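Dear colleague,

I am passing on the structure below, together with some notes on what was found in it. Please read the notes with the model open beside you.

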Amino acid sequence: MQTMVQHMRDELTSIGVKELRTPEEVDEALKGEGAKGTTLLVINSVCGCAAGLARPAVALSLKHDKVPDHWYTVFAGQDREATERARAYLVGQPPSSPSFALLKDGQLVHMVHRHEIENVPLEEIAANLTNAYDKYCD
């Protein structure tokens, strides 16, 4: 299982997304000075086709002209405490894995849930993100 999960982690970290594996790392990244500007938070997952689309969609979206200032990921089901802490920053949103959250100055401004990823063409998922980047990223 670790070998398979490591590959899924590497799909994001290899493109510059920083992995947050502890609640303390999440807090450092998502509050205070670490939260200034725009932040993409990817809740990674091992779940079948949704996760298989989510990671490539993130990679495609980060080739856009406008991108968030910070890129982070937590891994649901693997780094449970970090994921739980990250979800605490997504006030009013139900747990969803995989999912994407865009925060601006620490406040949630855009959320993409699993049902908006699963069975959706890769380009549409990436466009959902890039449209949010255009709206919220300076």
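Ser45 sits in the loop that joins S2 to H3, where helices (H or I, at least four residues) and strands (E, at least two) are DSSP runs, numbered from the N terminus. The model is a predicted one, in which local features need pLDDT of at least 70 and side-chain atom pairs count only at pLDDT 80 or more, while totals for chains, interfaces and linings use all residues. Residues are numbered from 1 along each chain as its sequence is written, and side-chain values use heavy atoms, with hydrogens and water left out.

With a relative accessible area of 6%, Ser45 is buried (buried means under 20% relative accessible area, exposed over 50%, and partly exposed in between, with a 1.4 Å probe and protein chains only). Once its neighbours within four places in sequence are left aside, Ser45 is in contact with Met8, Ala51, Arg55, Phe75, Ser97 and Pro98, contact meaning heavy atoms within 4.5 Å. Two of these partners, Ser97 and Pro98, are joined by a cis peptide bond, with omega near -5 degrees, and Pro98 itself lies in the loop between helix H4 (80–88) and S4.

Asp105, in the loop between S4 and S5, has a positive phi near 50 degrees and counts as partly exposed, at 47% relative accessibility. Asn119, in the loop between S5 and H5, likewise has a positive phi, near 65 degrees, and at 66% relative accessibility Asn119 counts as exposed.

Not counting residues up to four places away in sequence, Asp27 touches Arg85 and Tyr89.

Helix H5 (residues 122–136) has 15 residues and reaches 21 Å from its first C-alpha to its last, close to the 21 Å expected, the expected span being 1.5 Å times one less than the number of residues. Its buried residues are Ile125, Ala126, Asn128, Leu129, Thr130, Ala132, Tyr133 and Tyr136, and what covers them includes strand S2 (38–44), helix H3 (48–61), strand S4 (99–104) and strand S5 (107–112).

For the chain as a whole, there are five helices and five strands, which follow the pattern α-β-α-β-α-β-α-β-β-α along the sequence. Along its principal axes the C-alpha trace spans about 35 × 35 × 30 Å. Buried residues make up 49% of the 138 residues, and of the contacts with a separation of 6 or more, 73% are between residues 24 or more positions apart.
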